[in-house]
Amino acid sequence: MELIAITRPDYFEGEGQLINAMFDAGLQLLHLRKPENDGMKFMRLMREINPVYYPAISIHQHHELADMFSVKRLHYPERLWKMTSGQKKTELFVNGFHLSRSIHEWGPPADTAFLDYVFFGPVFNSISKAGYQSIVTKDFCLFDIPEGLKVFGLGGITIAQFDTLKHMKFDGAAVLGALWNYPLHTLTELKKMLKSI
């Protein structure tokens with residue numbers, strides 16, 4: 001099992017230093033998701049993060065700024081992925097970008113040739129989004145996973161669900177609410193998760 005941390009949707013004081021500390025603690029991959037879509041705030045945050053960690057950051061917004069920070073990981077929400085042409089996906093792939101996307105219905109996904117992994121969920125009732133309910137049954141298990149594609153469970157994931165995710169055949173967990181609902185304990189929770197994964 002692998003662990004991916006997803007940032008809070010808002011920007012906050014000291015976020016860059018906390019992200020540096022998360023990587024220092026052993027985090028391997030961070031998804032920078034800021035739906036507010038403020039380019040200046042995004043650039044300010046990126047400048048607070050140690051550039052040595054840029055290769056381990058995937059960005060959800062401001063893909064056009066990836067080259068400025070030598071970021072080679074881009075994440076696509078389901079709708080944006082469908083709107084992106086095959087030519088654009090091929091171009092990104094050829095230029096060394098690592099692509100991922102979100103899906104909310106297990107199919108399994110088509111057009112996986114360009115993808116390193118997908119987020120699938122919500123697997124459990126969301127911690128951070130009110131009303132964002134699980135879309136799977138308790139006995140759910142992934143099937144027909146395309147070769148080479150990793151699938152990360154998303155939604156309502158805490159340490160207590162890691163074993164369940166393994167039984168469901170997920171490659172890892174993408175966590176948000178369990179890390180950020182108590183900001184003063186984010187680093188402590190992350191360290192616990194890294195030991196349990």
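Is D111 buried, partly exposed or exposed? I looked this up and found D111 partly exposed, with a relative accessible area of 35%; here buried means under 20% relative accessible area, exposed over 50%, and partly exposed in between (1.4 Å probe, protein chains only).

I note that this is a predicted model, in which local features need pLDDT of at least 70 and side-chain atom pairs count only at pLDDT 80 or more, while totals for chains, interfaces and linings use all residues. Residues are numbered from 1 along each chain as its sequence is written, and side-chain values use heavy atoms, with hydrogens and water left out.

I then searched the whole structure for salt bridges (a side-chain nitrogen of Lys or Arg within 4 Å of a carboxyl oxygen of Asp or Glu), and the search returned eleven.

One of them joins the side chains of E15 and K34 at 2.6 Å, N to O. Because E15 lies in helix α1 (residues 15-24) and K34 in the loop between β2 (30-32) and α2 (39-48), this pair ties together parts that are 19 residues apart in sequence; helices (H or I, at least four residues) and strands (E, at least two) are DSSP runs, numbered from the N terminus. I found E15 buried at 1% relative accessibility, and K34 is buried with a relative accessible area of 1%.

Returning to D111, I saw its side chain meet that of R101 in a salt bridge of 3.6 Å, N to O. D111 sits in the loop between β5 (98-103) and β6 (115-120), and R101 in strand β5, ten residues away. R101 counts as buried, at 6% relative accessibility.
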